[in-house]
Amino acid sequence: MNQRNTLKINDRGHLEIGGCDAVELAERFGTPLYVFDEAYIRLMMRTYKKALNDCFGGNGIVLYASKAFSCKAVYKIAASEGIGVDVVSGGELYTALSSGFPADKIYMHGNNKTPEELEYAVSEGVGTIVVDSYLEADRLDALCAEKGVKQSVLIRINPGVEAHTHAYVQTATPDSKFGFSIANGTADDITNYVLSKGNLSLKGFHCHIGSQIFEKQSFVLAAEKMMAFIAHIKNSVGFEAETLNIGGGFGIYYTDEDPKLNENDYAQYLKALCDAIKQKSVELGVKAPFIALEPGRSIVGEAGVTLYTAGAIKSIPGLKTYIAVDGGMFDNPRYALYQSKYTVVAAGDMNAPCTQKVTIAGKCCESGDIIAVDVPLPEIKSGDIIAVLSTGAYNYSMASNYNRNFIPQAVLVNDGKADTIIKKQTYEDIVRNDVIPERLG
Ligand SMILES: *Cc1c(COP(=O)(O)O)cnc(C)c1O
């Protein structure tokens, strides 16, 4: 069913993920439930690692962009696959470090890292910090002076490539809050500024053009512009970048509107990037840089399935049928944010013909609390298990306690085994940080 064959229909006609029957998982762990397929995650990490080795002779590093799904177990998996990670906050950094992830293989991003986050990153020996403002260059330089360390940094550059994706996940438009633009010269200015900072060791440049992108050409164009920038900086100020970090953003399959990519297709993205970078390096007379790559969504997205139990079913004659589930925007805010589309299936009756189009609604007090609109499904009764596919990326990581609902638990499945990786919240967790001031009695 998916491209890595980790989703199947078993002989009971149930959805199976990582060798586990989805209906049994729902019974055993309760719903809503995030299910993550370990084999899939590992396979994608290996795919990128192998492609990087094949294309760049190992002169590079795969960084799992952990904002897509951050928890201790996923950092353990990344560490065991020998790849690095990106973090974008103190919280992600803490999670990675507390799983034992090696600090030197962590890259830290963020357009407005707080002084506390910078202090934390430097104290823990985070390998590379990607600088994205003058303020940050100042703060980081002062901090390093105080601690007597020299910090490796990259600078986030905006190559000005508009990728074909949702506006909220485009990150290299001329008016983006991210990076410094090559086109308007601010990229030159920040480079000179960082080079003037005695406690910062500039290794090179970073760009990330957006997310859920399928056009090879967008990635190639970004890489070419970055190579041209590297050559320009070499020629104008004599600084030759060692590292080029080309970000993430590779798309995944959500519905039939998206292409279905196999491992080889992802490897082809890297091949195209590699060819462009090699060609530019010869053409422009700069050395081939160490390449960093930051896939997030494509590593965990299709590895994840969310299981819900159908509750209230409401037909509005002539308009819509709603099936309300025991989850909603608190475990998956992506429809509310981007009108994202999903494939929805009846986990307990996979072979039944789809006879209706229904809207899957959540249980929050918000009309926009929708998981999927007008999706084909067979007849569904209250109590049936509904599975939403490709929910591994930016679901749990964007979840909230809205309406004081529980953020669901997550299990990791592999070869018929299922283990909890994020526990169920309890009512106690919900009020854990609440304080009643004495004057309220
Ligand atoms: C979000 C992000 C990524 C990962 O993007 P995906 O679309 O999940 O692959 C990589 N790098 C940076 C800087 C990001 O912000």
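Before I come to any residue, let me say that helices here are DSSP runs of H or I with at least four residues, and that they are numbered from the N terminus. The model is a predicted one, in which local features need pLDDT of at least 70 and side-chain atom pairs count only at pLDDT 80 or more, while totals for chains, interfaces and linings use all residues. Residues are numbered from 1 along each chain as its sequence is written, and side-chain values use heavy atoms, with hydrogens and water left out.

I begin with Tyr269, which sits in helix H9, running over residues 263–284. Is Tyr269 buried or exposed? Tyr269 counts as buried because its relative accessible area is 5%, and buried means under 20% with a 1.4 Å probe, protein chains only. If we set aside neighbours within four places in sequence, Tyr269 has contacts (heavy atoms within 4.5 Å) with Ile213, Phe214, Glu215, Lys216, Phe219, Phe250 and Leu261. Phe56 is 213 residues away from Tyr269 along the chain, yet their C-alpha atoms are 13 Å apart.

My second residue is Thr191, which belongs to helix H7, made of residues 186–195. Thr191 has a relative accessibility of 0%, and therefore it is buried as well. Again leaving out neighbours within four places in sequence, Thr191 is in contact with Ile155, Leu202, Phe205, Phe229 and Ile233.

Tyr269 in helix H9 touches Phe219 and Phe250, among others, whereas Thr191 in helix H7 has Phe205 and Phe229 among its contacts.

Key
Helices (H or I, at least four residues) and strands (E, at least two) are DSSP runs, numbered from the N terminus. Buried means under 20% relative accessible area, exposed over 50%, partly exposed in between (1.4 Å probe, protein chains only).
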